[in-house]
Amino acid sequence: LRILSIESVITTGVFAMPILTSFFQYNIGMSLGQIALSQFAFTAALMILNVPTGWIADRFSRKACNIAGDLICAVGFLGYSQATTFSDVVLYEIVLGIGLAFSGGADNALFKAYAHILKISFEKHIARITSWRFVMEILAVLVGGYIGASQPRTAIALSAVQFFVGAILSLFIREAGERRI
């Protein structure tokens with residue numbers, strides 16, 4: 001439970017977040033309409049794949065889906081740091097949506113299974129994790145904004161490190177909970 005909690009917190013705050021809009025406009029040359037379209041691509045990928053990836057996690061392995069999701073996000077951010085065109089940005093937004101769809105549902109299902117096994121309050125644990133996630137988001141915005149002000153591609157690539165660390169931590173998580181048949 002502790003390892004999963006740390007993984008969940010680490011992969012919450014994204015160092016690239018405070019500089020993305022300026023990166024889109026000044027480094028890629030995107031218009032506000034193109035930025036909106038790229039964010040739509042991310043949201044669509046996440047929404048369309050959230051239920052199927054949750055089913056895959058429940059049916060096969062929540063741990064494997066969590067690892068896959070973190071690795072997909074890490075690759076997405078590494079690619080993103082090298083993006084030079086609007087189509088590159090859309091591609092990596094979709095990759096990030098796929099990665100977050102894989103890991104998002106797996107985290108919560110594992111938290112629920114652990115809470116049941118350990119006989120602790122799922123709601124209280126999630127509330128505690130959510131508080132730590134806010135702390136991580138604040139740190140990520142401060143560090144990412146500072147680095148991204150002079151080196152936006154570095155801030156984006158740094159976001160990949162968080163997800164690589166999350167994937168490594170996920171290797172040590174034990175599978176828990178019932179399998180869907």
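Rings of Phe, Tyr and Trp (its six-membered ring) pair if their centres lie within 6.5 Å; planes under 30 degrees apart count as stacked, over 60 as edge-to-face and the rest as tilted. Ring pairs of this kind link Phe23, Phe24, Tyr80 and Tyr92 into a cluster.

The model is predicted, so local features need pLDDT of at least 70 and side-chain atom pairs count only at pLDDT 80 or more, while totals for chains, interfaces and linings use all residues. Residues are numbered from 1 along each chain as its sequence is written, and side-chain values use heavy atoms, with hydrogens and water left out.

**Overall fold**

The protein has seven helices and zero strands, where helices (H or I, at least four residues) and strands (E, at least two) are DSSP runs numbered from the N terminus. The C-alpha trace spans about 50 × 30 × 25 Å along its principal axes. Of the 181 residues, 43% are buried, meaning under 20% relative accessible area, with exposed over 50% and partly exposed in between (1.4 Å probe, protein chains only). Contact means heavy atoms within 4.5 Å. Among contacts with a separation of 6 or more, 84% are between residues 24 or more positions apart.

**Nonpolar cores**

A nonpolar core is a set of buried Ala, Val, Leu, Ile, Met, Phe, Trp, Tyr and Cys residues joined through side-chain atoms within 4.5 Å. The largest one has 21 residues, of which Phe23, Phe24, Phe77, Tyr80, Val89 and Ile156 touch the most other members. At least two residues of this core come from each of helix H2 (20-28), helix H3 (32-59), helix H4 (62-80), helix H5 (86-118) and helix H7 (152-170). Apart from this core lies another, of 11 residues, including Ala113, Ile126, Met136 and Ile173. Leaving out residues up to four places away in sequence, Ile156 touches Ala16, Ile19, Leu20, Phe23, Phe77, Tyr80 and Ser81.

**Aromatic pairs**

The whole structure contains five aromatic pairs. Two of them are tabulated.

| Pair | Centre distance | Plane angle | Class |
|---|---|---|---|
| Phe23 and Phe24 | 6.4 Å | 55° | tilted |
| Phe24 and Tyr80 | 6.2 Å | 25° | stacked |

Phe23 is buried at a relative accessible area of 0%, and Phe24 is buried at 2%.

**Charges over rings**

A charge sits over a ring if NZ of Lys or CZ of Arg is within 6 Å of the ring centre and within 35 degrees of the ring normal. Arg59 lies over the face of Phe60, 5.5 Å from the ring centre. Lys112 lies over the face of Phe122, at 5.1 Å.
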